[in-house]
Amino acid sequence: MNKRDFIAIGIVIILSALGFIFLNFNLKNDAQGGETVKISVGADIYGTYPLNENDEIKINTKNGFNTVVIENGSVFVKDADCRDRYCVRQGKIRNGSIICLPHRLVIEIESNDKSIDAVAG
Amino acid sequence: MKKVLALTFIMIIFLSGCSFGSYSYSDSFFAMDTYMSVTANGANAQSAVKKAKKQVLRLENLLSAHKEKSEVYRLNKNGSEKLSNDTIKVIKNALKFSRLTNGAFNPAMLPVTKLWGFPDKKYRVPKKSEIENALKLAKPEKISVNKNEVTLNLKGEEIDLGAIAKGYTSSKIIEIFKREGIESGIVNLGGNVQTLGAKPDGSLWTVAIENPDKNSEYLGKLKIKDKAVVTSGGYERNFTKNGKMYHHILNPENGYPAENGLSSVTVISEDGTLSDALSTSLFVMGKNGAERFYKKSEKDFDIILYTEGGKLTVSQGIADSFNSQLDFDIVKKD
Ligand SMILES: [Zn+2]
C-alpha cells in the first residue's frame with residue numbers, strides 16, 4: 001500500500017466516525033421537548049399534540065367518533081359513540097393510555113421520561 | 001486504488017454490521033381484547049416479531065371464551081372436548097394456580113361474570129340468588145383433564161382463561177424470541193409486560209407501574225431484566241350503578257367484586273403465566289392475605305401492593321430495584 005491509499009483509508013474511517021456520531025446525536029436530540037399526546041387509529045398515527053396546549057380533537061374512525069380533549073396537562077375522551085363508552089368513563093389521565101377497543105383508537109401520553117420502556121397496569 | 005475501494009467496501013459492510021447489531025423491530029396491534037406492543041432487538045428482530053404476532057392471534061383463537069369456534073368456547077358449549085397442547089397447558093396451569101391459591105384463582109367463574117355482564121359489557125347488578133346459583137357451577141375441582149381431553153363435569157360449568165391467557169402468551173413470545181436468537185426484547189400485552197434479557201446497550205429495562213388514579217404520577221419505576229410484570233386492579237374494568245362502583249375481579253367465595261381495601265397488585269417473576277395468575281389471586285386475597293401468601297410461598301416472585309388508602313408495600317426481592325416518589329413499606333419472607 002502506498003501513501004495515497006493510507007490517506008484514502010483514513011478519510012473513509014473519519015467519515016464513518018462522523019456518520020456514527022451524527023446518528024447518535026440525532027437519536028439523543030429526539031428525546032428533547034415536552035410531553036406529547038399520540039393518537040392512533042388501528043395501525044396509523046392520527047396525530048401528535050402537545051400535552052401542555054388545551055385542544056379538542058374530533059376523530060372520525062371508520063367505526064365511529066371520539067372527541068378527545070387535552071386540558072391543563074390531562075387528556076380525556078369527552079364523547080364517543082362506541083358501544084361500551086369505556087374510553088369516556090376512563091376519565092382524565094396524566095400518564096399511560098386510553099384505549100377505545102371498538103374504535104381501535106389508542107391515546108398515549110408519551111412521557112418526557114424516555115427512560116420508561118413500558119407501563120404495567 | 002482498487003485496494004482502497006475494497007477497503008471502503010469492507011468498511012461499509014462493517015458499519016452496516018454495526019447497525020444490524022442494534023437493529024430493533026416493533027409492532028403494535030389489537031388482540032385478546034386489548035392493545036399489544038411487541039419489540040425485539042437483534043439481527044432477526046423483524047422475523048421474530050412477525051412470528052410472535054402470529055402466535056398471539058393463534059392463541060387468541062384457541063383460548064378466548066368469547067370467540068365462537070375457539071377451543072374454549074367449544075369446550076364450554078359441549079362440556080367435553082379434545083384440545084390442542086397449548087389449551088391443555090393453560091387449563092392445567094389454571095387448575096394448578098387454583099389449588100395453589102386455595103381457590104382465590106378460579107377459572108370456572110364465567111357463569112358468574114356473565115351475570116354481571118362483564119364479557120358482553122352489558123353491565124348489571126345481579127340478584128343475590130342468581131349469584132348463589134351460578135357460584136354452584138364455579139368449581140374448578142369438577143374439571144378433569146385426561147391426556148388431551150378436558151371435561152367440565154357440572155352441567156352448565158364454563159371456564160374463562162382470561163386471567164392467565166395473556167401471561168401464558170407473553171411467556172410464549174419470549175420463547176419464540178429465544179428460538180429466533182433474540183437476546184433482548186420487551187412485550188406489553190395490554191399492561192402485561194414481559195422482558196427478555198437487558199436492553200441492547202446492556203442496561204436494565206424500566207417498567208413503570210400504573211397508578212390506579214391515572215390522573216396522577218406512576219406508582220413507581222422498576223428496573224428489571226428477564227422478568228414478567230403484571231398489575232391487576234379493579235380500576236381496569238368496572239361500571240357504576242346507583243353511585244356504587246363494581247369492578248371485574250370477582251371474589252370466588254361470594255361472587256361479588258373483591259373489596260378488601262386493595263387498589264392494585266403487581267406481581268414480578270420470571271414466568272408470565274405465574275405473574276398473571278397471581279396478580280389476580282393476590283388482589284382477591286386482600287393486603288393481609290397477599291402478604292401472608294408471599295411470605296409462605298415457595299414460588300419465586302415479588303409483589304407491589306397499593307391500597308385504596310394510598311399505602312404502598314413492596315417485597316424485599318425488588319425493594320432495591322423499585323423507585324417511587326411515594327413512601328413504601330417492605331415485606332420480607334418468613
Ligand atoms: Zn370507546
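1. A quick word on terms before we start: a residue is called buried under 20% relative accessible area, exposed over 50% and partly exposed in between, with a 1.4 Å probe and protein chains only. By that rule B:Met32, at 14% relative accessibility, counts as buried.

2. Please keep in mind that this is a predicted model, in which local features need pLDDT of at least 70 and side-chain atom pairs count only at pLDDT 80 or more, while totals for chains, interfaces and linings use all residues. Residues are numbered from 1 along each chain as its sequence is written, chains are lettered from A and ligands numbered from 1 in the order in which they are written, and side-chain values use heavy atoms, with hydrogens and water left out.

3. Back to B:Met32, which has a positive phi of about 50° although it is not a glycine. You will find B:Met32 in the loop between strand E1 (24-31) and strand E2 (34-41) of chain B; helices (H or I, at least four residues) and strands (E, at least two) are DSSP runs, numbered from the N terminus. B:Lys69 is another non-glycine with a positive phi, of about 85°. B:Lys69 sits in the loop between helix H2 (45-63) and helix H3 (71-78) of chain B, and is exposed, with a relative accessible area of 73%.

4. Now for the charge pairs: over all chains, the structure holds 20 salt bridges, each being a side-chain nitrogen of Lys or Arg within 4 Å of a carboxyl oxygen of Asp or Glu. One of them joins B:Lys121 and B:Asp33, with the closest N and O atoms 3.7 Å apart. This pair links distant parts of the chain, 88 residues apart: B:Lys121 is in the loop between helix H5 (110-116) and helix H6 (128-135) of chain B, and B:Asp33 is in the loop between E1 and E2 of chain B. B:Lys121 is buried at 17% relative accessibility, whereas B:Asp33 is partly exposed at 41%.

5. Have a look at B:Arg58 and B:Asp86 too, a salt bridge whose closest N and O atoms are 2.2 Å apart. B:Arg58 belongs to helix H2 of chain B and B:Asp86 to helix H4 (residues 85-100) of chain B, so the pair ties together parts that are 28 residues apart in sequence. B:Asp86 is buried, with a relative accessible area of 6%, and B:Arg58 is partly exposed at 38%.

6. Turning to chain A, its secondary structure comes to two helices and eight strands, in the order α-β-β-β-β-β-α-β-β-β along the sequence. Of its 121 residues, 43% count as buried.

7. The zinc ion has A:Cys82 (SG), A:Cys87 (SG) and A:Cys100 (SG) as its protein donors, lying 2.2 to 2.3 Å from the ion. Donors here are N, O and S atoms within 2.8 Å of the metal (3.2 Å for Na, K and Ca), and water is not among the atoms, so sites may look incomplete. Along the chain the donors follow the spacing C-x4-C-x12-C. A:Cys82 lies in the loop between strand E5 (74-80) and helix H2 (86-89) of chain A and A:Cys100 in strand E6 (residues 97-100) of chain A, so the pair ties together parts that are 18 residues apart in sequence. A:Cys82 is buried at 5% relative accessible area, and A:Cys100 is buried at 2%.
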